Amino acid sequence: MKKWVAGVIAATSIFGLAACGSSTGGSEEQKELVVGASNIPHAEILEEVKPILEEKGIELKIETYQDYILPNKDLENGDLDANYFQHIPYLESQKAEHGYDFENAGGIHIEPIGVYSKKYDSLEDLPEGATILMSNSVADHGRILTLLEEKDLITLKDGVDKTKATLEDIEENPKKLKFDYEYEAALLPQLYENEEGDAVLINSNYAIDAGLNPLKDSIAIEDKNSPYVNVIAVNKGDEDKEEIKALVEALRSDEIQEFISNEWDGAVVPVKE
């Protein structure tokens with residue numbers, strides 16, 4: 001009888017310890033944060049952030065994308081907690097076009113857009129009637145046209161919001177440049193390598209992904225003070241979640257900002273707003 005009682009007590013004690021262990025493990029269980037990102041530089045930057053978030057009990061899972069459409073669709077349908085691939089004007093245009101109820105949770109970096117050419121060493125060398133290849137993303141057109149205006153190749157109409165400018169807003173085009181804008185942004189580096197067109201406008205993330213150095217290989221590049229800041233986008237209301245705030249804080253940390261500056265040497269520029 002004593003042995004039976006002792007056995008029951010022992011078993012009860014073991015069960016109690018096991019239960020306590022399970023409870024403790026549950027309280028330390030990591031939260032999962034799924035973020036969609038372009039391969040370069042976004043996913044590479046997020047990889048550096050993983051250990052910082054892990055220390056805060058957040059497991060960061062990175063889903064990579066090759067296009068600019070699916071990351072927003074997957075964010076809207078709940079497959080992602082956030083995405084990190086787009087600048088503010090593109091985000092706003094997508095919200096207007098598709099009715100996305102997204103919020104900008106914080107700006108992280110700028111990727112200056114560049115002009116590339118296999119045929120000419122400078123914009124000044126472009127001949128009359130030169131063909132300029134650019135992406136079919138209308139949200140980038142104002143950015144491209146602003147760059148070309150700053151380089152004295154075109155003039156935009158007075159009063160135009162340059163972030164929303166289109167080809168129809170060109171007032172003067174002294175070299176009679178021709179603009180071909182039927183291409184997916186990811187294809188532009190290949191068009192450049194194939195020597196198609198006279199000049200190609202390529203976003204830095206795609207340029208870097210294709211092995212190009214935006215600072216060395218471009219014949220002109222956007223100023224680092226560009227307003228086209230790449231942001232963390234989330235569904236409305238999620239910007240106040242602990243995990244999202246931790247993500248933005250980590251991305252803006254001195255450690256990560258230093259990594260961005262050192263890794264891309266000015267081709268990707270960190271920001272803190």
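**Chat about aspartate 198 and its sheet**

User: Hi! Where is aspartate 198 found?

Analyst: Aspartate 198 is in the loop between helix H6 (188-193) and strand E10 (199-202). Helices (H or I, at least four residues) and strands (E, at least two) are DSSP runs, numbered from the N terminus. This is a predicted model, where local features need pLDDT of at least 70 and side-chain atom pairs count only at pLDDT 80 or more, while totals for chains, interfaces and linings use all residues. Residues are numbered from 1 along each chain as its sequence is written, and side-chain values use heavy atoms, leaving out hydrogens and water.

User: Is aspartate 198 buried or exposed?

Analyst: Buried, with a relative accessible area of 14%; buried means under 20%, exposed over 50% and partly exposed in between (1.4 Å probe, protein chains only).

User: How far is serine 117 from aspartate 198 in space?

Analyst: They are 6.2 Å apart, C-alpha to C-alpha, and 81 residues apart in sequence.

User: Okay, new topic: what is the strand order in the open sheet?

Analyst: The 5 strands run E9-E6-E10-E5-E11, with mixed pairing; two strands pair if DSSP finds at least two bridges between them. Strand E9 (178-183) and strand E11 (220-221) are at the edges with a single partner strand each, so one side of each has no neighbour in the sheet.

User: And in which sense do E6 and E10 pair?

Analyst: Parallel, over 2 bridges, with strand E6 covering residues 131-135. Isoleucine 132 stands opposite alanine 199 in E10.
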